[in-house]
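Q: Could you walk me through how to read the features of a structure like this one, step by step?
A: Gladly; have the sequence and the 3D view open, and we will go feature by feature.

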Amino acid sequence: MFSFIFSFLMLACIDAESLLNYKLSEGSKRKLEESKPNITSLTWEPLRIHYEFLDNTYDPASVKFLQTVLGITTTFFQKHLLIRRSSQKITYQSSYPKSIFGFTISNELKQKEYDADLVLFINVENSDSETYLAYCGPAVYDELTLRPIFALVSWNIYYSKLSEMTDSLFENNVETAVHEIIHGLGFVDDYFFRYYDSVTGESYNTSNSYTVSKVIYLSTPRVTNFVQYHFNCTTLKGMQMENNGGSGTQGSHFERTLYYNEIMTGSDMTGNFLITDFTFELFQDTGFYRIAEYSPDKALWGKNKGCDFANSQCQGGTFSEFCSVDQAKSCSFYKSGVSKCMSEQLSGPCKYQYIYSNYDCRDPDNFDYWKSSSLIQHFGSDSICISGSVSKSKTYSDYTCIQYKCDVSNKLSLVVDGKEFDCSETESIKLPENYYGSLKCPSNPEEFCQNVDECPNSCSSKGFCINTECICMQGYSSKDCSVECTKYRYKGSCLDKCPDSTYVNENIKYCIGCPANCLVCSNYNKCTSCKAGYVLRGGFCDNYKLIELLTVNLSASNSTSNNTNSTNTNSDTNSTNTNNNSTSNPTSNSTDTSTNSTDTTSNSTDTTSNSTDTNQALNSTDTNQTSNSTDSEDSNINIVTKEELIYLINSFLLALYV
Ligand SMILES: [Zn+2]
């Protein structure tokens with residue numbers, strides 16, 4: 001949450017000239033100003049990423065760990081992104097900056113010829129005095145396509161916690177790497193104005209971004225169109241960027257209160273991140289990328305909530321995304337963890353249900369923390385936060401983590417002690433006589449099942465999860481990346497040859513289908529017919545008709561049930577949760593902190609949880625927040641004034657008391 005601060009402190013020590021080195025090379029700048037790219041004759045090919053450690057003296061265990069993290073992350077990007085290749089190989093030319101972010105590029109690295117489209121230079125440090133986990137930014141751009149070809153990632157291995165690595169901690173590290181590399185791929189605010197329409201090779205007709213009351217909006221066409229569609233508000237002119245969190249976070253991230261756990265929001269949080277169409281449309285609007293076959297995570301936060309939500313968030317009305325009673329306990333928005341109502345550094349005046357660091361139901365590591373409690377709970381990818389509790393002694397809690405199952409027709413059942421209880425039509429579960437407590441079924445069980453997006457086993461620390469599919473690093477396959485595979489991978493299987501309807505991405509040994517949102521194609525980069533709501537342009541599908549689709553659906557939803565309608569149902573039923581928040585308030589008000597209030601419940605009858613445990617929990621919460629902090633100050637480097645430093649130090653202290 002506060003990791004970006006220290007990197008600013010660190011950067012403030014570097015002289016101003018080196019700080020500017022990451023900017024465009026003079027050659028690239030001139031090129032941009034003089035001419036528009038003439039590139040439309042180049043075909044779209046799968047992105048190839050290569051990484052190099054800046055130094056060969058880094059600790060071998062750290063290097064090995066980062067090789068795995070980067071192996072997974074780069075496979076993910078190489079599977080999804082297509083680029084225009086202006087030259088087969090790239091070299092670090094003598095006209096490029098001698099150093100990036102103050103890190104010198106060695107002669108050895110300068111002399112190499114890279115058979116790749118993007119080279120990531122990796123710096124590793126191990127410092128507990130700096131609170132950033134990682135940062136990344138683009139450094140050098142291709143003169144023809146303007147796409148970044150060299151970027152630098154600096155990684156503070158101290159917070160990766162190698163000695164206590166678990167699958168879920170590993171997953172956090174991979175999410176951090178994905179986030180940082182997206183900055184390296186060109187998502188930084190001082191480059192917005194250079195984004196262009198890759199179909200024509202021309203600038204967009206309207207300005208790419210604008211600023212209102214110091215808040216930056218990205219207003220490129222696909223992003224704007226998707227934002228309008230998502231919120232169901234056609235008056236929106238762009239996508240709001242983060243306006244809190246200091247100058248490294250502001251502008252180059254999506255606004256937390258509008259995009260919640262989308263991967264490009266500006267700080268780490270408990271629970272999982274999503275990679276939705278907000279990020280994929282952004283990629284395409286840069287002009288540098290098109291999207292191969294994909295299956296994005298689905299964002300429900302703010303979905304169809306209208307202009308009041310989009311313009312004013314928690315101040316626009318009573319929305320189930322937000323809560324009002326400070327510290328009130330409840331389930332988080334996606335029901336993935338037990339949470340408390342609070343604001344954080346990026347949420348401005350808004351409060352939302354923030355998952356306790358030891359009460360994320362999806363994290364199997366939390367089992368250890370709760371194992372001495374006599375509450376019957378389950379932690380893992382098949383666990384849901386439920387109102388109520390169940391135990392074999394007289395132990396009760398307001399909210400607990402319970403195992404669930406969704407069948408093929410999206411009927412939800414809860415699993416207690418191996419027994420299944422149907423939750424698809426009832427309001428609560430009738431427990432057998434030898435159990436104490438009660439469990440309330442979620443009010444929208446079918447929709448919950450429709451939107452499950454977890455992968456089994458956190459992809460076994462060998463892959464990255466997007467919309468229930470593990471994208472596995474080279475050499476592995478299966479639903480959870482647990483099986484070795486040196487052949488071709490396709491939807492969890494390991495094949496000698498790619499299926500007929502797919503195309504080979506030889507670099508990562510994956511079989512890929514038609515491009516994003518395409519119905520019929522003749523290759524991975526050539527669509528001939530698009531899905532409803534999309535328009536065929538330059539062999540790919542653009543979202544310019546989504547608004548029409550929305551209008552049709554909304555008018556049809558008055559009489560029949562459809563997608564949009566069921567989402568609306570969600571908003572109605574979710575508002576019940578808001579009421580729940582206020583009811584649960586008296587319980588959670590009893591103590592100051594998150595972990596205390598959770599413990600208090602189990603302490604009431606369960607003597608195994610003692611005060612020592614509580615202290616440990618509190619410490620681990622703080623440590624987690626530091627180490628989990630995905631965000632880093634990132635790439636948008638400015639010179640920090642003394643006043644800003646004081647501001648940053650203040651926000652650091654504030655963050656500690658959150
Ligand atoms: Zn960032």
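Predicted model: local features only at pLDDT ≥ 70, side-chain atom pairs only at ≥ 80, totals over all residues.

Q: Is His-253 buried or exposed?
A: Here you compare the relative accessibility with a cut-off, and buried means under 20%. His-253 has 0% relative accessibility, so the residue counts as buried.

Q: Which side chain does His-253 join in a polar contact?
A: Look for its partner at His-179: a polar contact of 3.3 Å joins these two side chains.

Q: Which residues does UniProt place under the feature "binding site"?
A: With an annotation, start from the record and then look at the positions in 3D. The UniProt entry, which is unreviewed, puts "binding site" at His-179, His-183 and His-253. They span 75 residues in sequence, yet no two of their C-alpha atoms are more than 10.0 Å apart, so the three gather at one spot.

Q: What about His-183: where is its place, and what does its side chain reach?
A: His-183 belongs to helix 6 (residues 167-184). Its side chain reaches the backbone oxygen of Phe-187, at 2.8 Å. His-183 is buried because its relative accessible area is 0%, under the 20% cut-off.

Q: Now to strands. How many residues of strand 9 are buried?
A: For a whole element, you count residue by residue. Strand 9 (residues 134-141) is mostly covered, with 8 of its 8 residues buried. As for Cys-136, its relative accessible area is 0%, so this residue is buried.

Q: How many bridges join strand 9 to strand 10, and do the strands run parallel or antiparallel?
A: Read the bridges and the direction together. Strand 9 and strand 10 (residues 148-156) run antiparallel and are joined by 7 bridges.

Q: Which residue takes a positive phi in the hairpin of strand 9 and strand 10?
A: Check the residues between the strands, of which this hairpin has 6. Leu-146 takes a positive phi near 70°.

Q: How many disulfides does the structure hold?
A: It holds 15 disulfides. Take the disulfide that joins Cys-331 to Cys-385, with an S to S distance of 2.0 Å. This pair links distant parts of the chain, 54 residues apart: Cys-331 is in strand 15 (residues 329-331) and Cys-385 in strand 18 (residues 383-391).

Q: Why is the disulfide of Cys-331 and Cys-385 left-handed?
A: The torsion about its S-S bond is about -80°, so the link is left-handed. Cys-331 is buried with a relative accessible area of 11%, and Cys-385 is buried with 2%.

Q: What parts does the disulfide of Cys-459 and Cys-470 tie together?
A: The sulfur atoms of Cys-459 and Cys-470 are 2.1 Å apart. Cys-459 lies in the loop between helix 12 (445-450) and strand 24 (463-466), while Cys-470 lies in strand 25 (residues 469-472), so the pair ties together parts 11 residues apart in sequence. The torsion is about -95°, so this disulfide is left-handed.

Q: And are Cys-498 and Cys-511 buried or exposed?
A: Cys-498 is buried, and so is Cys-511. The two form a disulfide with sulfur atoms 2.2 Å apart, and with -85° about the S-S bond the link is left-handed.

How values were computed:
Residues numbered from 1 in each chain as written. Heavy atoms only, no water. UniProt positions renumbered as here; feature names shortened; annotations may be inferred. Helix = DSSP H or I, 4+ residues; strand = E, 2+ residues; numbered from the N terminus. Buried < 20%, exposed > 50% of the residue type's maximum accessible area, 1.4 Å probe, protein only. Polar contact = N/O pair within 3.5 Å; in protein donor to acceptor, adjacent residues only side chain to side chain. Disulfide = S-S within 2.5 Å. Pairing = 2+ DSSP bridges.
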